[in-house]
Amino acid sequence: MSEFQIFITLALLLIVIFSILLTRKFHNSLHHNQRMVISMISGTSIGLVIGLMLASMFQGNLFISTVSGMSVGAFIGGICNWRLGMVSCIEGLSAGMMGGMMGAMLGEMMTVTESIILIKLFITLALCSLFLYPVLASTSCADQSITSRKWFIKPLLVFVLVISFLLGGDLIVDEPMNDQGPHNHHSN
């Protein structure tokens with residue numbers, strides 16, 4: 001495993017842990033459709049990351065990367081959302097499966113360097129899906145006004161966190177994972 005793959009694996013593990021903790025905290029203050037939105041966004045983005053990463057690992061073997069991407073994406077999508085209820089768990093499971101399949105197909109159609117760009121984009125989306133818990137829970141309460149001007153610091157802190165996350169992953173990547181260049185299936 002390359003350092004970038006280890007970084008992505010640890011980031012996914014942290015997303016799963018924080019998702020379970022946030023679910024425990026905000027479970028009762030989220031409506032059914034808010035739970036479904038969280039399940040769909042987190043499951044799809046996590047599945048896309050896993051599918052892209054596996055497609056870059058098993059470059060040229062679409063069957064293995066698709067089946068493993070769908071399986072792992074469904075498992076992690078279900079784990080992240082099991083405390084939100086049965087329907088949300090099924091939604092997370094199916095979104096993770098669909099994301100794993102799409103990620104594997106995307107990864108097969110592009111070079112590893114291009115896959116790394118999409119992996120960073122989708123891991124950032126998965127990370128930002130964690131911020132939906134407090135945001136949607138706060139819209140569930142009756143008072144939806146902004147309490148102070150300090151509230152505007154929150155989006156700035158999220159922006160700095162996301163940028164530092166992307167730059168941190170970029171510093172780890174010295175060379176692409178097993179980059180074989182363009183596919184040349186028909187050689188004479």
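This report walks through a predicted model of one protein chain, from its overall fold to single residues.

## Overall fold

The protein chain has seven helices and zero strands. Read along the sequence, its pattern is α-α-α-α-α-α-α.

Take the contacts between residues at least 6 apart: 85% of them join residues at least 24 apart.

## Surface and burial

The chain has 188 residues, and 40% of them count as buried. Its accessible surface comes to about 10700 Å². Carbon and sulfur atoms account for 71% of that surface.

## The nonpolar core

In soluble globular proteins, nonpolar side chains tend to be buried together. In this model, the largest nonpolar core has 34 residues. Ile-8, Leu-30, Ile-46 and Ile-123 have the most contacts inside this core. Several helices contribute to the core: H1, H2 (32–57), H3 (62–81), H5 and H6 (132–140) each supply at least two residues.

Ile-46 shows how such contacts reach across the sequence. Leaving aside neighbours within four places, Ile-46 is in contact with Leu-12, Ile-15, Ile-76, Cys-80 and Ala-126.

## A nonpolar patch on the surface

Met-1, Ile-6, Leu-10, Leu-13, Leu-14, Ile-17, Phe-18 and Leu-21 form a nonpolar patch on the surface. Together they have about 780 Å² of accessible area.

Met-1 lies in the segment before helix H1, which covers residues 3–26. Met-1 has a relative accessible area of 65%, so it counts as exposed, the cut-off being over 50%.

## Ser-115 in helix H5

Ser-115 sits in helix H5, which runs over residues 112–129. Is Ser-115 buried or exposed? Its relative accessibility is 0%, so Ser-115 counts as buried.

Which residues does Ser-115 touch, not counting those up to four places away in sequence? The answer is Leu-52, Gly-107 and Met-110.

## Cysteines

A disulfide is a covalent bond between the sulfur atoms of two cysteines. A search of the whole structure finds zero disulfides.

Cys-80 has a relative accessible area of 2%. Cys-89 has a relative accessible area of 16%. Buried means under 20%, so Cys-80 is buried, and Cys-89 is buried too. Cys-80 is also one of the contacts of Ile-46.

Methods:
Residues numbered from 1 in each chain as written. Predicted model: local features only at pLDDT ≥ 70, side-chain atom pairs only at ≥ 80, totals over all residues. Heavy atoms only, no water. Helix = DSSP H or I, 4+ residues; strand = E, 2+ residues; numbered from the N terminus. Buried < 20%, exposed > 50% of the residue type's maximum accessible area, 1.4 Å probe, protein only. Contact = heavy atoms within 4.5 Å. Disulfide = S-S within 2.5 Å. Patch = residues over 30% accessible without salt bridge, like charges linked within 9 Å, V, L, I, M, F, W, Y side chains within 5 Å. Areas by Shrake-Rupley, 256 points an atom, 1.4 Å probe, with all protein chains shown as cover. Salt bridge = Lys/Arg side-chain N within 4 Å of Asp/Glu carboxyl O. Core = buried A, V, L, I, M, F, W, Y, C linked by side-chain atoms within 4.5 Å.
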